[in-house]
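User: I'd like to learn how to read pockets in a model. Can you walk me through it?

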Amino acid sequence: AFLLLSSQALAGSSDRLGTAGALELRIPVGSRSVSLGGAVIADVSGAEAIYWNPAGMSANPKTEVVFSHMEYIADIKLNYFAAMTHLGGFGTLGLSAKILNIGDIVHRTVDSPEGDGEIFSPTFSVIGLTYSRQLTDRVSFGTTAMYISEKIRQEQATGLAFDFGFQYTPGWRGLKLGATIKNLGPNMKFDGPGFEKVVNEEPRKSLSASFELPSSVNFGISYDIYSYQNNRLMAQGVFQSNNFSEDEFRFGTEYSFKDMFFLRGGFTASNQTEYLYGPSAGAGLKLKLSGTDVTVDYSWAKADFFKDNQVFTVKFAF
């Protein structure tokens, strides 16, 4: 079933660049994952796994809440919230919300090129419901259903998308394998009063063209290069096949001391001409406060043509 679904996400090439919609689905979340270049398909766990690989959510037996804020390109802000809880033999349930804030835009027309006094703020949001379960002691599965909403002035597009993910742990030297299919769903299109006009004193309504979702297939691996006493060094890699752009190769490494202090680095590569992203780095600190694990993470990611991305994340696990 996984291979059958993946065939739907392997239909793209560089010729299709710029023809997909709902690209907020592809914007990464979580400081740890961003600092590792997004190479976390096999290793990610807890609430942060809801975006990257929903199968990893069941690896955390606790209740966890995550808040993340990203300073994205062109003064765009991305806020992300996720929460999950383990429900025994039933599995693990999670909720997530991703809000992309474009900022205020002056409404300009041919008659008012400097603005007609109207200010509008486009808002793109993705609300997700995730279910994950440990199928065996080594295999876990997860899926996320996402409601997508894009609003620009009075025009709006809504849609539905699904993620599917697996993780497999052979039980040898920290080796982990993972696979996901992301953003599968029907086409979306805009509608609203802006498509209505009066021509020759008769009302007319133009139709918006539909657009596809930016689906992808991802295969990941994670391996402990070094693990002794309180020190651990882990390497990760992901191959990502996109249906609307060239394939991507993601690499990351993480050093941890006492599972408390973390240093991370990553890199994303693609054959795509003028690819936006490159190296990334970050750090994290996890503390126990009154029985609650509190984690604070920061990441930086290089972005050509725009300001570099910065992500701030706080996690609470209890």
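Analyst: Let's begin with the second largest pocket: its lining has 15 charged, nine polar and seven nonpolar residues. Here Ala, Val, Leu, Ile, Met, Phe, Trp, Tyr, Cys and Pro count as nonpolar, Asp, Glu, Lys and Arg as charged, and the others, Gly among them, as polar. This is a predicted model, where local features need pLDDT of at least 70 and side-chain atom pairs pLDDT 80 or more, while totals for chains, interfaces and linings use all residues. Residues are numbered from 1 along each chain as its sequence is written, and side-chain values use heavy atoms, without hydrogens or water.

User: What counts as a pocket, and which residues lie nearest the centre of this one?

Analyst: On a 1 Å grid over the protein atoms alone, a pocket is an open set of points where a 1.4 Å probe fits, with protein on both sides within 12 Å along at least five of seven lines; lining residues have an atom within 4 Å of a point. In this case, S45, N60, D259, K286 and K315 lie nearest the centre.

User: Where does D259 lie, and is D259 buried, exposed or partly exposed?

Analyst: Buried means under 20% relative accessible area, exposed over 50%, and partly exposed in between (1.4 Å probe, protein chains only). D259 is in the loop between strand 14 and strand 15, strands being DSSP runs of E, at least two residues, numbered from the N terminus. D259 counts as partly exposed because its relative accessibility is 45%. D259 also has a positive phi of about 50°, though not a glycine.

Notes: Helices (H or I, at least four residues) and strands (E, at least two) are DSSP runs, numbered from the N terminus.
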